[in-house]
There are 2 protein chains.
Amino acid sequence: MIKNLERIKDNSLHSLVVGANEAASWIQDGMTLGLSGFTRAGDAKAVPFALVERAKKEDFKVNIFTGASLGSDIDKLLSEAGIINKRLPFQADATMRKNINAGKHLFVDQHLSHTAEMIRSGALPEIDFAIVEAISITSDGMIIPTTSVGNSLTFVSQAKNIIVEINLGHSELLEGLHDLYEPADQGEREPIPVTKVDDRIGTMGIPFDSAKIRGIVFTEHIDSPSTIVSPDFETEEIAQHLITFLREEVKAGRFTNKLAPIQSGIGSVANAVLHGMIDSEFEDLQVYSEVLQDSVFDLIDAGKVNFASACSITLSGKKMEQVYGNFEKYRDQLILRPQEITNHPEIIRRLGLIAINTALEFDIYGNVNSTHVSGTKMMNGIGGSGDFARNSRVAIFVTKSIAKGGNISSIVPFVAHVDHTEHDVDVVVTEQGYVDLRGLAPRERAELIIENCAHPHYKEQLSHYYEEALTRGGQTPHVLEKAFSFHTNLAEHGTMLEKLV
Amino acid sequence: MIKNLERIKDNSLHSLVVGANEAASWIQDGMTLGLSGFTRAGDAKAVPFALVERAKKEDFKVNIFTGASLGSDIDKLLSEAGIINKRLPFQADATMRKNINAGKHLFVDQHLSHTAEMIRSGALPEIDFAIVEAISITSDGMIIPTTSVGNSLTFVSQAKNIIVEINLGHSELLEGLHDLYEPADQGEREPIPVTKVDDRIGTMGIPFDSAKIRGIVFTEHIDSPSTIVSPDFETEEIAQHLITFLREEVKAGRFTNKLAPIQSGIGSVANAVLHGMIDSEFEDLQVYSEVLQDSVFDLIDAGKVNFASACSITLSGKKMEQVYGNFEKYRDQLILRPQEITNHPEIIRRLGLIAINTALEFDIYGNVNSTHVSGTKMMNGIGGSGDFARNSRVAIFVTKSIAKGGNISSIVPFVAHVDHTEHDVDVVVTEQGYVDLRGLAPRERAELIIENCAHPHYKEQLSHYYEEALTRGGQTPHVLEKAFSFHTNLAEHGTMLEKLV
């Protein structure tokens with residue numbers, strides 16, 4: 001491992017440089033670790049790898065708290081190694097998912113703006129070790145994060161011990177990108193002073209107590225690229241319906257062509273939807289989101305987006321080369337903040353965001369399931385979708401109307417898990433069309449959702465359900481014994497489609 | 001009707017005084033009315049009564065938007081008269097409830113902090129007439145509200161026409177009680193500058209454009225008293241468990257005996273719970289809530305609460321006499337604000353409230369149903385419980401573990417309607433006990449909820465469900481085809497209790 005001590009600008013810390021195996025050896029059974037990392041970006045890598053190695057010879061378990069999902073198969077390796085007791089607040093790894101659903105370790109699915117608050121207030125276990133990736137350590141006592149900020153600020157401020165992973169694979173050009181601000185305790189804090197997307201309110205790095213730095217590790221392991229797939233016919237249709245909705249908003253005088261700051265969830269559908277705005281009439285756009293995916297940089301390149309704020313940058317391999325190879329071009333248009341600030345209800349409501357997130361399924365009344373396949377099996381987690389949907393100006397949920405070759409309808413009578421209630425869902429969009437649910441009573445919602453959003457193969461079946469429900473009456477008519485019939489059909493027959501005998 | 005023109009301190013408005021029937025005659029079929037009124041307090045009365053009279057001779061329908069529920073049987077009378085097209089954002093009347101559930105008119109169940117924002121942004125129909133109750137009109141162009149503020153500020157600022165009902169039944173001593181602040185449009189607003197419960201940030205009345213005042217009506221009709229029932233054995237037990245939880249929080253160093261500002265939902269259970277704090281060691285308490293019920297004044301009298309902020313005061317007949325008969329004693333310890341401010345996520349999160357709300361039922365994973373009996377029939381509405389639960393420091397839900405003489409278990413495998421997801425529910429309390437859900441994974445939650453909160457008659461049945469669910473696996477194990485079995489049992493057999501054959 002090449003070590004570049006120039007990245008540690010406070011010389012008094014040079015003596016703390018150690019190997020990853022040594023750092024990993026300090027971690028004890030039962031401890032809680034706060035790891036940097038958000039959607040595969042800026043994750044601590046060297047110490048987690050060493051920890052997995054150590055687990056081959058030793059039994060121990062730890063709690064793993066992060067910003068969000070980790071890259072470099074770290075979640076997979078940690079989960080396979082059997083050393084996780086509890087993981088929070090988000091993950092997106094196939095192996096970890098399998099182990100969570102098998103009950104092999106615990107997972108707490110949290111709103112991403114809540115974790116830092118809960119750690120500070122003592123509602124979660126104390127962090128024994130913060131392990132955070134950095135570009136450098138400044139001479140005046142700050143850790144400069146890399147491609148994500150996540151919960152690192154709070155992990156460092158609250159942890160008993162800190163391990164810094166200086167990653168030489170990240171360019172020092174990233175310095176100046178970050179804006180670190182931590183609210184005071186609840187009841188003693190001032191308003192968070194962000195009133196514009198590009199407001200800088202904090203420091204350029206994470207302040208730390210040098211007495212808590214246990215070790216500094218060097219690594220060169222770069223971030224995992226994202227696995228975004230290109231837009232397809234359905235996601236392009238979704239994008240067009242969304243643009244139609246926004247165009248109607250402009251026509252009604254509720255927005256100008258500059259719209260409002262946009263938040264867009266992670267994943268291929270959200271990426272495609274944002275990508276669809278390149279050829280629209282909307283302009284001078286701003287992004288206030290969690291994650292900047294490829295599409296945001298495409299929009300910047302196209303001159304459509306003039307500023308983007310988030311807590312991580314997660315790109316495909318190709319886009320990484322382009323963006324980090326020309327970083328001077330982008331850096332004045334970007335800020336990375338803690339996830340507590342990117343996802344803070346105060347700022348989301350103040351700025352009046354347009355929030356676009358992906359649903360696994362939604363029901364005829366507009367309740368959304370973002371997390372649980374068939375109501376029981378965790379996919380990834382709610383992430384920031386609740387932070388944004390609950391507090392944004394317009395909360396939009398997008399999904400393809402069917403999945404698994406038509407055997408699954410994404411529109412169901414009753415979602416088998418509720419992450420976002422009908423109160424928090426303003427617009428639903430599929431490739432079939434959209435419904436603006438604002439101000440609509442449940443019975444108005446049901447008719448429009450079935451008509452505009454459901455796939456033609458499922459419309460009749462949904463209408464049958466709704467008509468039977470109407471005979472039972474109520475504000476939100478249901479036939480409770482059949483409410484999950486789509487899901488139980490799927491479990492029994494491999495398809496939600498009823499055999500119409 | 002006695003008229004007291006001295007209550008209209010701007011003489012140029014005296015010529016606008018009319019009878020209620022004349023004012024009601026201006027309202028046209030298809031219009032949208034914004035009425036003052038929040039939980040039976042400060043509701044416009046004379047014009048709604050006149051409108052109901054007019055409906056005996058004429059067919060028309062209007063949308064009725066309010067702060068929350070109305071008193072004086074106005075919701076009942078409007079609903080019976082058949083003149084409602086759509087009602088929002090909350091109601092609590094038995095007749096209206098019946099008509100909503102029969103599909104006779106539409107009801108939109110909204111978070112109470114959202115309505116004003118949606119009216120300003122144009123996402124709801126324009127308000128044709130704001131009809132607001134007042135103590136007086138000042139010489140400098142302000143309407144002084146009475147016992148609630150609700151959405152009146154926004155109704156007045158956004159309506160095409162304004163009718164003021166000056167209610168001589170309210171004392172002018174209420175002047176100075178109110179603090180009116182309306183945020184600028186989203187994207188253009190500054191932080192809302194409330195950082196302490198007792199901060200005054202606005203004007204003492206509602207500013208208005210005098211060209212929009214169509215008429216001023218006099219009335220003497222006083223507010224309806226609340227129908228709070230006294231604490232009983234179960235609600236006292238709930239209060240004691242809640243106090244135990246708070247005591248543990250103090251012991252863990254997360255709070256002092258001053259706790260944090262308290263929000264408490266409306267109703268007998270919430271009132272009883274708050275009442276239970278009179279004999280506790282907690283002191284110097286502050287209240288930042290929607291509604292001040294009897295118990296808050298009991299706590300003020302006991303020297304336990306030193307300041308209370310809300311958007312309405314709703315009291316029993318006896319308490320009304322005591323409070324309004326000695327108002328000088330209380331006025332320096334009270335502020336009434338718009339519901340947009342009392343329920344604003346920005347302030348709720350900043351102050352770090354302890355939010356106590358009532359559940360109809362909750363499930364073994366901590367999801368809460370606040371609104372829909374058996375998942376379909378509207379009770380009252382979500383009210384502010386979502387605003388508070390989602391953004392508070394500790395979101396507590398309370399309910400008795402059984403209802404209807406034991407035929408209903410308030411703890412079920414899967415709530416038949418979700419208003420608050422497991423992500424937003426921190427503590428659940430019944431007379432059996434409580435569970436602190438923070439940081440717990442679903443499987444940890446289920447065991448504790450069944451053990452600590454369920455009624456002994458239902459524990460075995462809930463455990464059976466959970467054990468079968470575990471055989472299916474998943475992050476949140478369920479047996480979907482039996483998830484609503486408690487509810488379908490109730491519908492079929494009149495009890496959720498399974499006949500153990």
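In the predicted model described here, A:Ser226 touches A:Arg40, A:Asp294, A:Thr314, A:Leu315 and A:Ser316, leaving aside residues up to four places away in sequence. The loop that holds A:Ser226 runs between β10 (213-219) and α7 (233-251) of chain A. With a relative accessibility of 14%, A:Ser226 counts as buried, because the limit for a buried residue is under 20%. A polar atom of the A:Ser226 side chain lies 3.2 Å from the backbone nitrogen of A:Ser316. The C-alpha atom of A:Ser226 is also 9.1 Å from that of A:Ala41, although 185 residues separate the two along the chain.

A:Arg40, one of the residues touched by A:Ser226, is itself found in a loop of chain A, between β1 (32-35) and α2 (46-55). At 28% relative accessibility A:Arg40 is partly exposed. The phi angle of A:Arg40 is near 70°, a positive value in a residue other than glycine. A positive phi, near 55°, is likewise found at A:Asp73, which lies in the loop between β2 (62-65) and α3 (74-81) of chain A. A:Asp73 is partly exposed, with a relative accessible area of 44%. Most residues other than glycine have a negative phi, and most peptide bonds are trans. In chain A, the peptide bond from A:Leu88 to A:Pro89 is cis, with omega near 0°, and A:Pro89 is located in the loop between β3 (84-88) and α4. In chain B, a cis peptide bond joins B:Leu88 and B:Pro89, with omega about 0°; B:Pro89 is placed in the loop between β3 (84-88) and α4 (94-101) of that chain.

The entry lists residues 16-213 of chain A as "domain: Acetyl-CoA hydrolase/transferase N-terminal". This span is 23% helix and 18% strand, and its end C-alpha atoms lie 8 Å apart. The annotation "active site" in UniProt, again from an unreviewed entry, covers A:Glu290. A:Glu290 is situated in the loop between β12 (285-288) and β13 (291-292) of chain A. Its relative accessibility is 7%, and A:Glu290 therefore counts as buried. Apart from residues up to four places away in sequence, A:Glu290 touches A:Phe38, A:Leu112, A:Ala310, A:Cys311, A:Ser312, A:Thr342, A:Asn343, A:Gly383, A:Gly384 and A:Phe388. With A:Asn343, the side chain of A:Glu290 makes a polar contact of 2.9 Å.

The contact between the two chains takes 77 residues from chain A and 77 residues from chain B. Together the chains bury about 6,200 Å², of which 52% is on carbon and sulfur atoms. Eight salt bridges are found across the interface of chain A and chain B. In a salt bridge of 3.0 Å, N to O, the side chain of A:Arg390 meets that of B:Asp387. The interface of chain A and chain B also has 44 residue pairs in polar contact, both residues being at pLDDT 80 or more. On the side of chain A that touches chain B, at least two residues each come from α4 (94-101), β4 (106-107), α5 (114-120), α13 (345-351), β21 (377-378), α14 (385-391), α15 (442-452) and α17 (485-493). Helix α13(A) gives the most to this side, with five residues.

B:His478 has contacts in both chains: leaving aside neighbours within four places in sequence, it is in contact with A:Gly375, A:Thr376, B:Tyr365, B:Pro413, B:Phe414, B:Tyr465, B:Ala469 and B:Arg472. The loop between α16 (456-472) and α17 (485-493) of chain B contains B:His478. B:His478 is buried, with a relative accessible area of 4%. The side chains of B:His478 and B:Tyr465 are joined by a polar contact of 2.7 Å.

Elsewhere in chain B, helix α8 (residues 268-275) is largely enclosed by the rest of the structure, because six of its eight residues are buried. The buried residues of α8(B) are B:Val269, B:Ala270, B:Asn271, B:Ala272, B:Val273 and B:Leu274. Among the elements of chain B that cover them are α7 (233-251), β11 (262-264), α9 (294-301), β17 (354-358) and β22 (394-398).

Conventions:
Residues are numbered from 1 along each chain as its sequence is written. Chains are lettered from A and ligands numbered from 1 in the order in which they are written. Side-chain values use heavy atoms; hydrogens and water are left out. UniProt positions are given in the numbering used here, feature names are shortened, and annotations may be inferred rather than shown by experiment. Helices (H or I, at least four residues) and strands (E, at least two) are DSSP runs, numbered from the N terminus. Buried means under 20% relative accessible area, exposed over 50%, partly exposed in between (1.4 Å probe, protein chains only). Contact means heavy atoms within 4.5 Å. A polar contact is a pair of N or O atoms within 3.5 Å; within protein, one must be able to donate a hydrogen and the other to accept it, and residues adjacent in sequence count only if both atoms are side-chain atoms. Buried area is the accessible area (1.4 Å probe) that two parts lose on being put together, summed over both. A salt bridge is a side-chain nitrogen of Lys or Arg within 4 Å of a carboxyl oxygen of Asp or Glu.
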